[in-house]
Amino acid sequence: RAQPSQPVQLSGGVGYATFIDESDQSHVTAGGAARVYFTRRNAIEPGVLYLYRNAADKDLILGVNYVRDLGQARGRAVPYAIVGAGYLWGFRPRFTETTGTLAGGFGVRVFSGERFFVSPEVRIGTEPILRLQVSLGWASRR
């Protein structure tokens with residue numbers, strides 16, 4: 001008998017990020033991710049995030065996260081902890097800057113039915129310092 005496949009979750013979201021260590025530099029964010037579970041509560045999540053402040057201040061983050069579900073995997077509301085690392089490209093009018101980024105935080109996936117969810121999340125880290133995001137997603141639940 002074939003083993004059941006591990007659940008996958010696809011999501012896209014919008015939010016807010018700030019680089020408050022350099023003065024208030026608020027950005028609007030948009031991004032997406034694919035969460036792949038390797039055990040019932042542990043997942044790896046590669047993702048991309050675009051940050052926009054104005055025409056002279058745009059950033060792109062490519063990263064990978066480790067996610068640990070803190071509640072029942074089949075519950076309606078599933079809280080989780082997330083920690084990740086990535087690479088940030090800052091696009092400015094006369095140059096491009098690059099730096100590493102680290103962040104961690106918490107979120108909760110609230111399911112509407114069996115497959116669709118909304119997920120508010122907060123992260124604190126480096127580049128950006130604070131990130132608030134709300135995602136909509138689809139899950140292939142067991």
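**A strand-built protein and its largest cavity**

The largest cavity is lined by 41 residues, and Glu45, Asn65, Glu121, Arg123 and Arg131 lie nearest its centre. A cavity here is a set of points, on a 1 Å grid over the protein atoms alone, where a 1.4 Å probe fits but cannot get out; lining residues have an atom within 4 Å of a point. The elements giving two or more residues to this lining are β1 (8-18), β2 (26-37), β3 (42-54), β4, β5, β6, β7 (116-126) and β8 (130-139). Strand β7 gives the most, with seven residues.

This is a predicted model: local features need pLDDT of at least 70, side-chain atom pairs count only at pLDDT 80 or more, and totals for chains, interfaces and linings use all residues. Residues are numbered from 1 along each chain as its sequence is written, and side-chain values use heavy atoms, with hydrogens and water left out.

How much space lies in the largest cavity? About 440 Å³. The volume is the space filled by probe spheres set on the points, with grid points joined across faces, edges and corners. The count comes to two cavities of 30 Å³ or more. By class, the lining of the largest cavity has 17 nonpolar, 17 polar and seven charged residues. Nonpolar means Ala, Val, Leu, Ile, Met, Phe, Trp, Tyr, Cys and Pro; charged means Asp, Glu, Lys and Arg; the others, Gly among them, count as polar.

Now the strands. The protein has zero helices and eight strands. Both are DSSP runs, numbered from the N terminus: helices are H or I of at least four residues, strands E of at least two.

Follow β4 into β5. Strand β4 (residues 57-69) runs antiparallel to β5 (residues 77-91), and twelve bridges join them. Strands pair if DSSP finds at least two bridges between them. Gly63 stands opposite Gly86 in β5.

Strand β5 also pairs with β6 (residues 96-112), in the antiparallel sense, over 15 bridges. Here Ala81 stands opposite Phe106 in β6. Four residues lie between β5 and β6, which form a hairpin.

Finally, the whole protein. The C-alpha atoms fill a box of roughly 60 × 25 × 20 Å along the principal axes. Buried residues (under 20% relative accessible area, 1.4 Å probe, protein chains only) make up 36% of the 142 residues. Take contacts, meaning heavy atoms within 4.5 Å. Among those between residues at least 6 apart in sequence, 50% join residues at least 24 apart.

Technical notes:
On a 1 Å grid over the protein atoms alone, a cavity is a set of points where a 1.4 Å probe fits but cannot get out, and a pocket is an open set with protein on both sides within 12 Å along at least five of seven lines; lining residues have an atom within 4 Å of a point. Buried means under 20% relative accessible area, exposed over 50%, partly exposed in between (1.4 Å probe, protein chains only).
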